[in-house]
Amino acid sequence: MCAKSRSRSAGKQEKSAALVLSGGGARGAYEAGVLRYIFETMLRRHGAEPRFEIFTGTSAGALNACYLASNADEPEEAVRNLVDYWQGLTMEKVLRLGLKELKAAPGLLFGAGREAALAAYPRKRPAAAPHPPVGGIFDTSPLQEGMRAAIPCSRMDALLEKGVLKGIALCATEVCTGKSIIFYDTYEEDRFKAGYDPSREPRKVRICVEHAMASAAIPFLFPAVQVDSVCYLDGALRQNTPLDPAIRLGAGRILVISLDQEPEIAYQKARSGCRRNPYPGALFLLGRVVSALMTQRLDYDLKRIEMVNGLIDAGTKIYGERFAEELNGASSDFRKSEYRTIRTCHIRPSKDPMTLAVEAFRESPGEITLPGLPKKIGRKLLTSEAFMESEFLSYLMFIPSYIQKLVDLGHEDAERRRDDLLAFFGD
């Protein structure tokens, strides 16, 4: 995708509010629940006027961010529609497991020859692409078709031109290099302040559904997505909660919605799970590996922001109002971004999403259905003990009962943080 050219002068960056959304497959419904409280309940009860000008997201968070950014001028309606979309999801609207996918499974594991690759991916690939997209167990074309209908990317471009939307960034992982690629677009040419980290590469593009789908391509489960002849997988492998891109887009206030519990709680449950499973299989190990890759240092990064805020506050009290300006001047030769005060608010699940997934399965087992001929095979795979122990179940449970549990939990957790949210939007 070609980068766009805008002549808007940069000037001083505003203290824009950013929404940062994590990845987690079906767990993304939790984010819709949090936003429902903010834009419906909190707005109605307390008269707050929440607004976001910057959106960043990874995986399911990228899909949510892309939709919200394309409707940034009508956030209340956008959130209502987002909640309705999640509540109306079924597995048939997201995944497909047919004979073609089963036939291609050996090639997925061991590499497919030319004939098998062409059979699995009959559509013509770009001439510059070295190979077809790397496959996955499931076909996600139903999700992609739904996203194309739901996300008006042309509106996003218009809102950027007007300055209503200040920036959007979606994170994906480049298959060949393993780099974290930050697809971004801004209303100012130089608004994104790139850093020095060689493992993260920013690319200015016209954001579209392909970038969001690339960010959401869960490895092994979903097929990779080719953008401009390059294959991408889930951005959560390198940057599950894209806090840094929001900072580099100039955010002064950042609301983070993540999809995992407190780290120590998660670690304790993981250790207990290992002890309960004396004969773990390869699928269990694969789930643990993916989980480890997606575990990022979000809490540490938030602490670093608090540390910088404290440094600026203390320095200003000691050296005067010009402290931050002089500090940035002194560090400009080795820092591409400035030190500044950033207000944050972080909301995360108070209950384990995997536990909710198992509860939903036990309460409504009939909701797990897949389109295609081998429905029984797909259902048996998803509900197998090995699959549940791998924690993949919580990422793929696109069923109404589980989605509703997550939406309700998000709403409840946000309500518990009412005072923090009112303070966050009230400044």
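Biologist: Taking contact to mean heavy atoms within 4.5 Å, what share of contacts between residues at least 6 apart in sequence join residues at least 24 apart?

Modeller: In the protein chain, 79% of those contacts do. Bear in mind that this is a predicted model: local features need pLDDT of at least 70, side-chain atom pairs count only at pLDDT 80 or more, and totals for chains, interfaces and linings use all residues. Residues are numbered from 1 along each chain as its sequence is written, and side-chain values use heavy atoms, leaving out hydrogens and water.

Biologist: Thanks! How many helices and strands are there?

Modeller: The protein chain has 20 helices and 9 strands. These are DSSP runs numbered from the N terminus, with helices being H or I of at least four residues and strands E of at least two.

Biologist: At what angle do α1 and α19 pack?

Modeller: Helix α1 (residues 29–46) packs on helix α19 (residues 400–416) at about 45°, with the axes 7 Å apart. Axes are lines fitted to C-alpha atoms, for helices over the stretch in contact, and angles run from 0 to 180 degrees between N-to-C directions. That makes α1 oblique to α19; under 35 degrees counts as roughly parallel, over 145 as roughly antiparallel, 65 to 115 as roughly perpendicular and the rest as oblique.

Biologist: And which residues of α1 and α19 meet?

Modeller: Among them are Tyr-30, Val-34 and Tyr-37 in α1, and Ile-403, Leu-406 and His-411 in α19. The residues of this contact of α1 with α19 divide into 9 nonpolar, 4 polar and 5 charged. Here Ala, Val, Leu, Ile, Met, Phe, Trp, Tyr, Cys and Pro count as nonpolar, Asp, Glu, Lys and Arg as charged, and the others, Gly among them, as polar.

Biologist: How do α1 and α3 cross?

Modeller: The axes of α1 and helix α3 (residues 75–87) come within 9 Å and cross at roughly 140°, so α1 and α3 are oblique to each other. Phe-39 and Leu-43 in α1 and Val-79 and Trp-86 in α3 are among the residues that meet.

Biologist: Switching topic: how many disulfides did the search find?

Modeller: The search of the whole structure finds 0, a disulfide being a pair of cysteine sulfur atoms within 2.5 Å.

Biologist: Is Cys-208 buried or exposed?

Modeller: Cys-208 is buried, at 12% relative accessible area. Buried means under 20%, exposed over 50% and partly exposed in between (1.4 Å probe, protein chains only). Of the 427 residues of the protein chain, 52% count as buried.

Methods
Contact means heavy atoms within 4.5 Å.
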